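The sequence and model come next.

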Amino acid sequence: MAGSILSVVEAGHGLPVLLGHGFLWNWRMWQPQLRALSSCCRVIVPELWGHGRSGPLPHGTRTLSDLARHMVELLDRLEIERCVVIGSSVGGMWGAHLAACAPERVAGLVLMNSYLGEEPAAKRLTYTAMLDQIEAAGRVSEELVAAITPLFFAADVEKRAPTLPYRLRQQIHGFDADTLRRSIVPLGRVIFDRTDALGLLPKIKAPTLVVTGEGDRARPPEESRAMAMILQTDLVTIPDCGHTATLEQPEVVDAVLLRFLDRLGWSMPPEAAALPGSGVGTSW
């Protein structure tokens, strides 16, 4: 990890909440929630390696457990003993590993549009072929962008929020060849070649909430239902919503998260809170 930089965006004051964004996004995936949650909490958003202002994926990062270990190190650097972890997609995957392997650090956990089981075989083959093509070309072709973008949203997103697919396409086009080959592709392999970790869920002792989008095509709701059953916890299903719930239905997500934090006694309003102007680089 030496020589790599993990970009961290913070907002607000109070008890700490760690937000994990999804693959191909950056901290701005959580922008609506930064506004809502920073009124009562210290909100921290690390950007995945190769995303936003973060540096390349550190050498030797091969599993979701490695990503969870990086986040424990981040908490150590920030001198945070305990926090609530809220993760979307891969953010939920490493969040669950963090909660299971370092339970003393996690006061609560939200798994959004995520899944701890292995990637279904057909999807894994499709995603592997996409990653192979991106690695070989050093770019994401228009054909691939057209195939990837719908996976992130409900089917009717173009009618309800047409700027969201555009934002994602711009994000994908912003990755240069070096970033794609050194970070995005290998991180994609970490995500999609993951082993089945559903057995970790019973080890999670923190209060946990599972959230899914009714129209999530990347992580279908039945996956979230299966996790909620194993965890014996509540499942929130958001209508008119796909894989990127934080941006597709921000008001609903805000309300769900604020209720969860309030239930934990974690939403204690500070005297002042402010939105960030830019990321804060943390050296690794």
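In which helix does Arg-169 lie? Arg-169 lies in α7, residues 163-173, where helices (H or I, at least four residues) and strands (E, at least two) are DSSP runs numbered from the N terminus. The model is predicted, so local features need pLDDT of at least 70 and side-chain atom pairs count only at pLDDT 80 or more, while totals for chains, interfaces and linings use all residues. Residues are numbered from 1 along each chain as its sequence is written, and side-chain values use heavy atoms, with hydrogens and water left out.

- Leaving aside neighbours within four places in sequence, Arg-169 is in contact with Val-145, Thr-149 and Glu-158, contact meaning heavy atoms within 4.5 Å.
- The C-alpha atoms of Arg-169 and Leu-24 are separated by 9.8 Å, although the two residues are 145 residues apart along the chain.
- Leu-24 lies in the loop between β2 and α1 (31-37) and is buried, with a relative accessible area of 7%.
- Leu-24 is not a glycine, yet has a positive phi of about 80°.
- Most residues other than glycine have a negative phi.

- All six of the six residues of β4 (residues 83-88) are buried, so the strand is largely enclosed by the rest of the structure.
- On one side of β4 the buried residues are Cys-83, Val-85 and Gly-87, and on the other they are Val-84, Ile-86 and Ser-88.
- Strand β2 (residues 15-20) pairs with β4 in the parallel sense over four bridges; two strands pair if DSSP finds at least two bridges between them.
- Gly-20 has Gly-87 as its bridge partner in β4.
- β4 and β5 also run parallel and are joined by six bridges, with Val-106 of β5 as the bridge partner of Cys-83.
- β4, α3 and β5 form a right-handed β-α-β unit; a crossover is right-handed if, with the strands pointing away from the viewer, the path from the first strand over the helix to the second runs clockwise.

**Residues around β5**

- Gly-108 is found in β5 and counts as buried at 0% relative accessibility.
- Gly-108 and Phe-260 are 152 residues apart in sequence, with their C-alpha atoms 8.7 Å apart in space.
- Beyond neighbours within four places in sequence, Gly-108 is in contact with Cys-83, Val-84, Val-85, Ala-206, Pro-207, Phe-260 and Leu-264.
- Arg-105 lies in the loop between α3 (90-101) and β5 (106-112) and counts as buried at 9% relative accessibility.
- The side chains of Arg-105 and Asp-76 are joined by a polar contact of 2.9 Å, that is, a pair of N or O atoms within 3.5 Å; within protein, one must be able to donate a hydrogen and the other to accept it, and residues adjacent in sequence count only if both atoms are side-chain atoms.
- Not counting residues up to four places away in sequence, Arg-105 touches residues including Val-72, Leu-75, Ile-80 and Cys-83.

**Glu-79**

- Glu-79 lies in the loop between α2 and β4 and counts as exposed at 70% relative accessibility.
- Phi of Glu-79 is near 60°, a positive value in a residue other than glycine.

**Strands β6 and β7**

- Strands β6 (residues 208-213) and β7 (residues 235-238) pair in the parallel sense over four bridges.
- The chain crosses from β6 through helix α9 (residues 221-231) to β7, and this β-α-β crossover is right-handed.

**Cavities and pocket**

- There are two cavities of 30 Å³ or more; on a 1 Å grid over the protein atoms alone, a cavity is a set of points where a 1.4 Å probe fits but cannot get out, a pocket is an open set with protein on both sides within 12 Å along at least five of seven lines, and lining residues have an atom within 4 Å of a point.
- The largest cavity has a volume of about 330 Å³; grid points are joined across faces, edges and corners, and a volume is the space filled by probe spheres set on the points.
- Of the 22 residues lining the largest cavity, Phe-23, Leu-24, Tyr-127, Phe-152 and Phe-192 are the closest to its centre.
- The largest pocket has a volume of about 150 Å³.

Notes
Buried < 20%, exposed > 50% of the residue type's maximum accessible area, 1.4 Å probe, protein only.
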